[in-house]
Amino acid sequence: MQDKIERLREEIDAFKADSKDQVESFRIKYLGSKGALKGLFSDFKSVPNELRREFGQKLNELQNRAKTRLEELRDSVEDQGSETQEAPDLTRPAKPTPLGSRHPVSIVRNEIVSIFSGIGFSVEEGPEIEDDWHNFTALNFPPEHPARDMQDTFFIEKGDNDIALRTHTSSVQVRALERAQPPVRIVMPGRVFRNEDISARSHCIFHQIEGLYIDRGVSFADMKQTLLHFVREFFTEKAEIRLRPSYFPFTEPSAEVDVYWGLETETDYRITKGTGWLEIMGCGMVDPNVLENCNIDSKEYSGFAFGMGVERIAMLRYGIPDIRLLFENDQRFLEQFKTAY
Ligand code: DAH
């Protein structure tokens, strides 16, 4: 027994392997269910009692040694493996790179812009830092008029022509009309700023899309039909709108546009305050004063304007309960909006 153990130990220590197959044959030869160690363990049954302790220990040591050797051999062929590996297959397709997703505000903005592009509106942009003339005065907000307080302005510089963060994209109407004579048919997406408390329903930074159509003979009916077309493209073919009289300094008459949302679920009741109708934008016939402020003859030209909040529409479209989700950039939230846009 003693001899056998020693011989095996020498064999095990001396065993060399340079392939996985050889490692496997080592395992089978020494540690397998019919291997040399199994044989020794059965011989052990006939060892006299007084020697059992000694041989038992030696056998266990040998078995442990064999297991360690097996690991050593495995490691050695794996190391070798990486050195002798075949050249990489350069024709193999690369692993796909995960694509980001578009922000829901961008998705909705792009979709709205594309609906209006489809009926001949082009896109204009203007500065986020504006002066009083473009944000208020040219839009027919009289000085000291309370309508200026409706929009809590972030002022940057007080003066004859205050500098501030624009409170609405209507300022871009003025810039566009100062640049070009009618016909003008544009949509103006952009970021706006108001000094408001942040809550589930409002934020101090948000996005609007402004629309403007000025030409000879543009009527209120043209406006209504244009907005109905938009709502049907954006929501559903069957959508209905209603116009409620309202007030904006830059339009006369002015209206709020409501879309019929339905009253089927509890949520419908909550978000429509039990009416079934949801307000989605403001609109109106451009006040002649605005045209004149931009050197456009208000006797010759007329037109309509409208403005909507992109976050609000995104929240309606996707059932987002809190506007702050749109500003936190939590990937778990954003990844839900994988779309083609
Ligand atoms: N500027 C308005 C706002 O910020 C939205 C608006 C209402 C724009 C009526 C318009 C309009 O062009 O005609 O709340």
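Author: A residue counts as near a molecule if one of its heavy atoms lies within 4 Å of it. The model is predicted, so local features need pLDDT of at least 70 and side-chain atom pairs pLDDT 80 or more, while totals for chains, interfaces and linings use all residues. Residues are numbered from 1 along each chain as its sequence is written, and side-chain values use heavy atoms, without hydrogens and water.

Reader: Which residues come nearest to the ligand?

Author: The shell around the ligand divides into five nonpolar, nine polar and two charged residues. Here Ala, Val, Leu, Ile, Met, Phe, Trp, Tyr, Cys and Pro count as nonpolar, Asp, Glu, Lys and Arg as charged, and the others, Gly among them, as polar. Of the 16 residues in the shell, those nearest are His168, Ser170, Arg194, Gln208 and Glu210.

Reader: Which element gives the largest share of the lining of the largest pocket?

Author: On a 1 Å grid over the protein atoms alone, a pocket is an open set of points with protein on both sides within 12 Å along at least five of seven lines, and lining residues have an atom within 4 Å of a point. The ligand takes up space in the largest pocket, where a molecule sits if more than half of its atoms lie within 2 Å of the grid points. This pocket has a volume of about 1500 Å³ and is lined by 47 residues. Among strands, which are DSSP runs of E with at least two residues, the one that supplies the largest share, seven residues, is β9.

Reader: What volume does the largest cavity have?

Author: A cavity is a set of grid points where a 1.4 Å probe fits but cannot get out. The structure holds one cavity of 30 Å³ or more, and residues including Glu130, Asp131 and Asp132 line the largest cavity. With volume taken as the space filled by probe spheres set on the points, the largest cavity holds about 30 Å³.

Technical notes: Helices (H or I, at least four residues) and strands (E, at least two) are DSSP runs, numbered from the N terminus.
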